Amino acid sequence: MARFIQISMASVALMFAVGVAQIIAKEKASEQVAPETCDCEVQSGMCEYWFETQPGFCKYDETPCDKCVCVAGGQMTCEIATGTALAVTNPQNGACEVIKTTYAVCPADTPRPTATPTPAPAAGGWYLAAASESCDAKCASVGSTCNANQIQDLNNVAVGSTATYGAFMLSEFGYSCPGFEDCGFNCVGNAQPGIEIGSGPCEYSSQQTFTSCSDANGKLERVCCCGSAADCPI
């Protein structure tokens, strides 16, 4: 009877030890499963990605991306994951190796930042306005502003040399002037130079002393400088 009790007590002790070990193992397992986290935010920019050109040698490219980054005081909580990445060991020849790395994983419901559209740059240069269209209107349509002084300078070039004026029209607009016409005192507004509608002559005015960007002529396609003098070489 005494031996039976001793065996039973030993069994109980063994069972207790096994139970304690299982509890400890479960606690350790739960500690390992619990992911590491950080305060984070979404950042937009250019991301580098590396790729092998041949075994042991890498190069990189860039692409626009949104990514979560651990930052102090971030408004979100990100899990920190472990992975591998290529890292350059010799920038001179592009030698690289695979290393372990950590990175923040965005929450599944993370709102992406709305990109601010970049306005298209103003397209400066010489333009032909349509008949009845002012240079103000033409330049506004390409996101620029009319340069009256440069237009007047071109008119003055035409007054001095129709050959130079004709060469300009050909190189700038591909238009071969079939003739030239000085409208003199008969010009409509201060809208010279330009092309008479219907593939007509290239007009200018020897009497025009200044150019009006707002004037328009129903029978003339005005030559307009949009932008600076540097945008409109003569």
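These questions and answers concern disulfides in a predicted model.

Visitor: How many disulfides does the structure hold?
Guide: A disulfide is a covalent bond between the sulfur atoms of two cysteines. In this structure the number of disulfides is ten.

Visitor: Which cysteine does Cys-40 join in a disulfide?
Guide: Cys-40 lies in strand E1 (residues 37-54), and the pair links distant parts of the chain, 38 residues apart. The other cysteine is in strand E3 (residues 76-90). With an S to S distance of 2.0 Å, the partner of Cys-40 is Cys-78.

Visitor: Is Cys-78 buried or exposed?
Guide: Buried means under 20% relative accessible area. Cys-78 has 0% relative accessibility, so this residue counts as buried.

Visitor: Is the disulfide of Cys-139 and Cys-226 right-handed or left-handed?
Guide: The sulfur atoms of Cys-139 and Cys-226 are 2.0 Å apart. The torsion about their S-S bond is about -85°, so the disulfide is left-handed.

Visitor: Where is Cys-226, the partner of Cys-139?
Guide: Cys-139 is in helix H2 (residues 135-141), and the pair links parts of the chain 87 residues apart. Cys-226 is buried, with a relative accessible area of 0%. The element that holds Cys-226 is strand E9 (residues 220-226).

Visitor: What is the torsion about the S-S bond of Cys-225 and Cys-232?
Guide: Cys-225 and Cys-232 form a disulfide with sulfur atoms 2.2 Å apart, and both residues are buried. This disulfide is right-handed because of its torsion, which is about 95°.

Technical notes. Residues are numbered from 1 along each chain as its sequence is written. This is a predicted model: local features need pLDDT of at least 70, side-chain atom pairs count only at pLDDT 80 or more; totals for chains, interfaces and linings use all residues. Side-chain values use heavy atoms; hydrogens and water are left out. A disulfide is a pair of cysteine sulfur atoms within 2.5 Å. Helices (H or I, at least four residues) and strands (E, at least two) are DSSP runs, numbered from the N terminus. Buried means under 20% relative accessible area, exposed over 50%, partly exposed in between (1.4 Å probe, protein chains only).
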